[in-house]
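User: Hi! Could you walk me through this structure? I'd like to start with the charged pairs, and please tell me the cut-offs as you go.

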Amino acid sequence: MFHIFQYQPLRLITQNSLSSMCLKLMLSRPVAFAQIWKSWFSSHSLLGKKNIILMGPPGAGKTTTGRIVGQKLNCPVIDIDDDVLETTWNMSVSEKLQDVGTDEFLEEEGKALLKFSASGSVISLTGSNPMHAAGMQHIKKNGIVVYLDVPTAVIMSRLQSKGKDRIVGLSPGISLKDVLQFRKQFYKRWFDIRVLCGGDVAAEVVAEKVLDAVKRYQDSELETFISTRSSRSGRSTKEDSHKLYFSDVVTQGLALDGGLFVPERGLPKFTAEEWQGLIEATYIERAQVILERCIHPADIPASKLAEIIETAYGENFSCSKVAPVRHLAGNQFLLELFHGPTASFKDFALQLVPHLFSYCIPRSCNYLILVATSGDTGSAVLDGFSRLHDTDKQRIAVVNFFPEDGVSPIQKSQMIGCQKENAWSVGVKSDFDFCQTAIKQIFTNSDFTGFLTVEYGTALAAANSINWARLLPQIVYHASAYLDLVHQGIISFGSPVDICIPTGNFGNMLAAFYAKMMGIPIRKCICASNENNVLTDFIRTGVYDLRGRKLISSFSPAVDILKSSNLERYLHLIANEDGQLVTQLFNQLENQGHFQLQKNLLGKLQQDFMAGWCSDEDCLAAIHSVYSTTGYILDTHTAVAKVVADRLQDRTCPIIISSTAHYSKFAPAILRALRITEINQNPLSQLHLLSSYSALPPIHWGLLETLKKTGNGDHQVCAADMSVLMSHIETLIQNHFM
């Protein structure tokens with residue numbers, strides 16, 4: 001068996017002589033001693049008996065990077081090609097491949113890997129090692145597998161420039177690109193850590209990235225979360241007894257002090273080269289790379305995260321591009337976010353979050369998810385959680401509270417139709433702000449939550465955008481939209497774009513800003529409101545004022561919101577994480593109905609955001625105008641953003657308008673915009689009428705099927721009273737879990 005023992009820098013020195021030499025060295029050359037000790041300590045604290053295993057396609061730079069990493073850690077470096085295979089076979093790898101052919105080569109290579117053992121070393125695999133399952137299982141047992149992820153185009157260029165044509169799997173009729181694409185599935189199966197490597201990145205830089213990634217992998221303490229209402233010096237007093245990690249905040253939802261969770265050290269940053277390496281990637285590939293950097297592998301391993309992302313976006317979206325970007329007119333582009341099963345942007349988070357939640361929660365407790373919706377969230381969360389495995393549905397249920405008279409007829413039919421054995425909708429005789437405030441109050445009512453835990457073994461959790469996990473998938477599609485424009489040749493990487501989003505609860509807008517912080521060249525984020533324009537006033541004046549305001553029902557109900565929850569996360573950020581100030585502002589809003597930003601904070605706000613609003617009449621006029629000129633039908637929320645974009649963009653760069661829902665969900669308003677005078681009140685009839693227009697995009701498949709199957713159905717309705725809502729919650733728990 002080929003075996004490398006754990007490397008010991010001073011392994012030839014006995015314990016007694018070591019003490020003597022250390023003492024002499026400390027006295028005579030203290031600086032030299034410190035350097036030796038630092039080198040020994042760094043390699044052993046980073047590696048111990050584990051190996052760093054470098055994996056990637058041929059031409060990824062594994063051998064060179066491995067040597068540099070080994071030098072930095074002062075530990076053995078083993079190249080499987082040179083040190084194992086050629087030694088075992090007594091011939092070169094290319095000769096062996098030519099001699100036995102691809103299938104036999106992979107088997108012989110795997111057998112050699114099974115006989116190999118090492119510890120405390122840096123190991124560079126061959127490009128084809130990951131294709132032998134037993135060999136990889138063996139070597140992975142004692143190592144951290146680091147995937148050097150190099151764009152396929154870069155690999156092809158490198159291999160062609162070196163004249164390498166002996167590649168496992170390469171044969172007449174099978175191109176090099178096909179071989180490299182085929183191998184990706186094996187790399188994705190085995191890696192623990194991904195390191196993005198662009199075309200012009202020096203091996204020294206890649207080696208540093210490998211070391212940084214391994215340190216991150218081994219130290220989850222670096223990625224903790226705090227409340228927006230905690231002090232600068234640390235967590236809130238209610239949460240300072242233990243640190244909170246991603247898996248904690250996913251299940252807890254809202255901080256105990258009423259604040260929202262944010263990462264203590266902020267979001268990860270991507271270099272321009274790393275972003276450019278994703279230009280050719282699919283949406284699912286981009287999502288995995290971005291989310292891997294936002295979710296520590298101690299919370300969700302990369303292989304499990306990949307499985308979750310594939311489940312969420314692989315078959316549940318009707319468009320293969322998942323979130324395509326479509327040219328509308330001039331320099332305006334639409335980011336279509338309605339191809340999921342319930343026809344709104346909420347599907348991006350809520351096809352993913354249920355699986356994250358299911359993985360993170362302890363098996364010993366039942367969970368009831370509470371959701372407040374102004375329209376689209378309800379059906380999306382019901383659909384998402386109803387797709388869990390049956391065993392998970394037995395311990396995870398969801399109840400959706402929505403304003404009974406504050407959503408469109410089709411939205412209501414859809415929410416009722418999406419009810420399943422673990423997912424229910426409850427109409428509330430009030431508006432969205434009441435529903436959202438009620439849920440926050442329930443979460444902070446320790447007597448009630450404690451009673452549910454003790455009496456029924458059930459904990460409450462949140463799936464609204466107050467849950468941190470809801471925001472992460474939204475960052476992905478904003479980043480992906482920019483990369484798509486680069487891929488289409490509309491812009492070059494580094495050129496700015498503006499983004500305009502119909503906004504109510506500020507979550508989608510905040511996600512775009514987070515994408516900007518992570519390195520996407522977004523110039524301005526434009527907030528588009530309807531007549532409930534409290535956010536527009538706030539961004540323009542710094543005054544958040546609800547005094548005398550009443551919620552106005554509009555044709556764009558998803559943004560009929562006066563209290564924007566996610567604004568708190570942004571204010572916490574620009575206030576340098578001053579939780580006391582955030583607490584003061586939102587306590588004042590709750591108690592007095594208003595607050596005003598300091599002048600310096602208003603300046604920061606206005607550097608990042610612009611804002612405008614439009615009336616229902618302007619919204620309908622925009623729908624009619626766009627359809628008349630392009631044959632494309634905007635939904636009512638996208639039309640709000642279109643109007644605001646027309647007014648505020650300066651036309652010096654492209655603007656991406658978030659198309660947050662499919663027009664089918666708002667058929668009565670759309671038919672009115674198209675100047676149809678007689679409108680049948682039956683939602684299914686309305687969709688059939690719209691389909692006769694043969695417009696772009698076509699009628700949403702999922703929505704049509706839901707309405708065909710369910711009709712109106714039944715749902716519970718309750719008064720706008722906290723005690724009534726809590727009673728409903730307790731009854732649902734009794735019926736489902738007991």
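Analyst: Happy to. A salt bridge here is a side-chain nitrogen of Lys or Arg within 4 Å of a carboxyl oxygen of Asp or Glu. By that rule Arg523 forms a salt bridge with Asp498, the closest N and O atoms being 2.7 Å apart. Arg523 lies in strand β17 (residues 522-529) and Asp498 in strand β16 (residues 497-502), so the pair ties together parts that are 25 residues apart in sequence. Before we go on: this is a predicted model, where local features need pLDDT of at least 70 and side-chain atom pairs count only at pLDDT 80 or more, while totals for chains, interfaces and linings use all residues. Residues are numbered from 1 along each chain as its sequence is written, and side-chain values use heavy atoms, with hydrogens and water left out.

User: Good to know. How were the strands assigned?

Analyst: Helices (H or I, at least four residues) and strands (E, at least two) are DSSP runs, numbered from the N terminus.

User: And is Asp498 buried or exposed?

Analyst: Asp498 is buried, at a relative accessible area of 3%, whereas Arg523 counts as partly exposed at 28%. The classes are buried under 20% relative accessible area, exposed over 50% and partly exposed in between, with a 1.4 Å probe and protein chains only.

User: How many salt bridges does a search of the whole structure find?

Analyst: The search finds 29. Among them is the one between Arg326 and Glu336, with the closest N and O atoms 2.8 Å apart. Arg326 lies in strand β10 (residues 325-329) and Glu336 in strand β11, so this pair ties together parts that are ten residues apart in sequence. Glu336 is buried, with a relative accessible area of 2%, and Arg326 is partly exposed at 30%.

User: Switching topic, what domains does the assignment give?

Analyst: Domain 1 covers 51-218, and domain 2 covers 223-230 + 242-737. The bounds come from an automatic or database domain assignment. The C-alpha centres of domain 1 and domain 2 lie 41 Å apart.

User: What area is buried between domain 1 and domain 2?

Analyst: About 1,200 Å², of which carbon and sulfur atoms give 52%. Buried area means the accessible area (1.4 Å probe) that two parts lose on being put together, summed over both. In domain 1, Arg194, Leu196 and Arg216 lose the most area to domain 2, together 49% of what that side buries. Twelve residues of domain 1 are in contact with 16 residues of domain 2, contact meaning heavy atoms within 4.5 Å.

User: How many salt bridges does the rule find across that interface?

Analyst: Four across the interface of domain 1 and domain 2. Elements α9 (176-190), β7 (193-196) and α10 each supply at least two residues of the side of domain 1 that touches domain 2. As for Arg194, its salt bridge with Glu292 has the closest N and O atoms 2.8 Å apart.

User: Last one: which residues have a positive phi although they are not glycines?

Analyst: Ala343, with phi of about 75°, and Arg651, with about 65°, can be named here. Ala343 sits in the loop between β11 (332-336) and α15 (346-350) and is buried, with a relative accessible area of 0%. Arg651 lies in the loop between α29 (636-648) and β21 (655-659) and is exposed at 52%. While you're checking the backbone, the peptide bond from Leu696 to Pro697 is cis, with omega near -15°.
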